[in-house]
Amino acid sequence: MTSSDRTPQTEVAPTLFFREILGQERALGYLKTALRQGRLAHAYLFLGPEGVGRAATAAALAARLNCAQPTSGDEACGRCPSCKRLAAGTHPDFLVIRPTSKERPPKIVIDQIREFRKLTAYPPVGGGWRVAVFKPAADIKAEAANALLKTLEEPPPQHVIILAAGQESDLFPTLVSRCQKLAFAPLPASLIQGELEKRGRPPAQAALVAALSGGSLGKALDLDLEHLLAQRDQVLADLKGLAEQGDTGVLDWAQRLAKSRPETDAFLLLAELWYRDLLLLQAGAWPELLAHQDRLAELTAALPASPPGLCFARLAALAQAQRQLAANLNPELTLNMLGFRLAGK
Ligand SMILES: [Zn+2]
C-alpha cells in the first residue's frame with residue numbers, strides 16, 4: 001500500500017472518453033483491441049500510481065460498453081441516455097467501491113462485497129454491462145477479499161471487475177491471479193506541465209508542480225500551490241543559511257525540520273530539484289527545463305559557487321537522507337548529518 005493511494009483526490013465528473021486520458025496509450029490500446037475483438041476479461045488489475053488515469057479509464061470503458069451509439073473510433077457518443085447518466089455520476093451500472101469502514105485508515109469490508117455480490121446475481125439494470133471498480137484494492141480486507149474471490153472464480157456475465165492498485169504486492173495473490181494485469185505509467189513531467197498550463201497555471205509554477213508530482217496529474221492538481229511556494233521560500237532560505245551558519249545553526253535547523261515529516265520530505269525534494277537545476281544550468285540547458293525556473297536569477301547567482309562536483313555531492317547527501325528516513329532512522333540525527341554535509345563541513 002503506497003501512502004499516495006490514500007491521498008484524498010478531488011472527485012471530478014467521470015471521464016466518458018478514452019481520448020481524454022493522457023499518456024496511457026499502451027493500456028488504452030490494449031483495452032480498445034479487446035473491446036473490438038469482443039474478448040474483454042472478466043476482471044482487470046489496473047496497476048499504477050494514484051492520479052494517472054486508472055479510474056478515468058474504468059469510467060470510459062463503462063461509457064463505451066453501455067453507449068447506445070459508440071463511434072467508429074471506439075469512443076462513447078457522449079449524448080445517449082447512458083452517456084448522460086455516466087457523466088452525471090448516476091449510472092446504475094457503474095460502481096466505484098471505496099473504503100468506507102470506520103477504521104483508520106478505512107477499509108473495504110465484507111458487507112460491501114456482500115452487497116456487490118447480491119447485485120451481480122441480476123443482470124445490469126440498463127441491459128448493457130456492469131463495471132465495478134475497487135479503489136484502492138489494497139484496502140480490501142482479507143475476509144472481503146475471500147468473498148470477492150468467489151465472484152472472480154465464477155464471473156457473472158456482462159460484468160467487468162476492476163481492481164485499482166499501486167502494485168501487485170499490495171494485493172492478496174489469490175485476487176491477483178484471477179485478474180488480467182494492465183500497467184498505467186507515471187506521466188512525463190512535460191505532459192503534466194502542459195495540462196496545468198491549459199488550466200491556467202503560470203508556466204513557471206506549473207513546471208515546479210509538475211516536477212514534484214511524481215508523474216501523477218491527480219497529485220499535481222491537488223497540490224496547494226500557495227503552501228508549496230511558501231515551503232520553497234523556506235527551503236531556499238535554509239540552503240543559504242546552512243552554508244553561512246555555525247554548528248549550532250545546523251543543529252537548530254535539524255531540530256526544527258525533524259518535527260514534521262511532510263516538511264522534511266518537502267525539503268528533501270525541493271532541495272534535490274535545486275541542485276538538479278544547477279547541474280542543468282551548468283550543462284547549458286534551457287531555463288524552460290528547470291523546476292525552479294521562476295527563481296532563475298538566484299540559480300544563476302549560485303552557479304559560480306556550485307561546480308558540478310559540489311552539486312553531485314549534495315544530491316548524494318539528500319538521497320542518503322531519503323534512504324535513511326525510509327529505513328526509519330532517527331529523523332533528527334539524519335537531518336543533523338545532512339545539514340553538515342549541505343553546509344560543506
Ligand atoms: Zn453514448
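Colleague: Which residues is Leu65 in contact with, leaving aside its neighbours within four places in sequence?

Modeller: Gly128, Trp129 and Val131. Two residues are in contact if their C-beta atoms, placed from the backbone, lie within 7 Å. Bear in mind that this is a predicted model: local features need pLDDT of at least 70, side-chain atom pairs count only at pLDDT 80 or more, and totals for chains, interfaces and linings use all residues. Numbering starts from 1 along each chain, following the sequence as written.

Colleague: What makes Leu65 buried rather than exposed?

Modeller: A residue is buried if 20 or more other C-beta atoms lie within 10 Å of its own, exposed if 12 or fewer, and partly exposed in between, with C-beta atoms placed from the backbone. Leu65 has 21 other C-beta atoms within 10 Å, so it is buried. You'll find Leu65 in helix α2, residues 54–66.

Colleague: How do you know what counts as a helix or a strand?

Modeller: They're DSSP runs, numbered from the N terminus: H or I over at least four residues for helices, E over at least two for strands. On that basis the chain has 15 helices and five strands.

Colleague: Why is strand β1 called mostly covered?

Modeller: Count the residues of β1 (residues 43–47): five of its five are buried. Ala43, Leu45 and Leu47 are buried on one side, and Tyr44 and Phe46 are buried on the other, so both faces are covered. In a regular strand the side chains alternate between the two faces of the sheet.

Colleague: Which strands is β1 joined to, and how many bridges are there?

Modeller: Strands pair if DSSP finds at least two bridges between them. Five bridges join β1 to β4 (residues 159–165), running parallel. With β5 (residues 180–183) there are four, again parallel. Take Phe46: its bridge partner in β4 is Ala164, and in β5 it is Leu182.

Colleague: What makes β4 largely enclosed?

Modeller: Six of its seven residues are buried, so the rest of the structure largely encloses β4. β4 is also joined to strand β3 (residues 130–134) by five bridges, and those two run parallel. There, Val133 stands opposite Ile162 in β4.

Colleague: Why is the unit of β3, α5 and β4 called right-handed?

Modeller: With the strands pointing away from the viewer, a crossover is right-handed if the path from the first strand over the helix to the second runs clockwise. β3, helix α5 (residues 142–153) and β4 make a right-handed β-α-β unit.

Colleague: How do you know which side of α7 is which?

Modeller: In α7 (residues 189–198), Ala189, Ile192, Gln193 and Leu196 are buried. They cover an arc of only 100 degrees around the axis, which puts them on the same side of α7. That arc is taken from the directions from the helix axis to the C-beta atoms. On the other side of α7, Ser190 and Lys198 are exposed. The buried residues of α7 pack against α8 (203–212) and α9 (217–222).

Colleague: Where do the domain bounds come from, and how many Å separate the domain centres?

Modeller: An automatic or database domain assignment supplies the bounds. It gives domain 1 (18–183) and domain 2 (224–342). Over C-alpha atoms, 41 Å separate the centres of domain 1 and domain 2.

Colleague: What pLDDT does the chain average, and where is it below 50?

Modeller: pLDDT is the predictor's confidence in each residue, from 0 to 100. The chain averages 91, with 96% of the residues scoring at least 70. Over residues 1–11 the pLDDT is below 50, though this stretch has 20 contacts in the model beyond near neighbours in sequence. Where pLDDT is low, the predicted coordinates should not be read in detail.

Colleague: And what share of the chain is buried?

Modeller: Buried residues make up 35% of its 345 residues.
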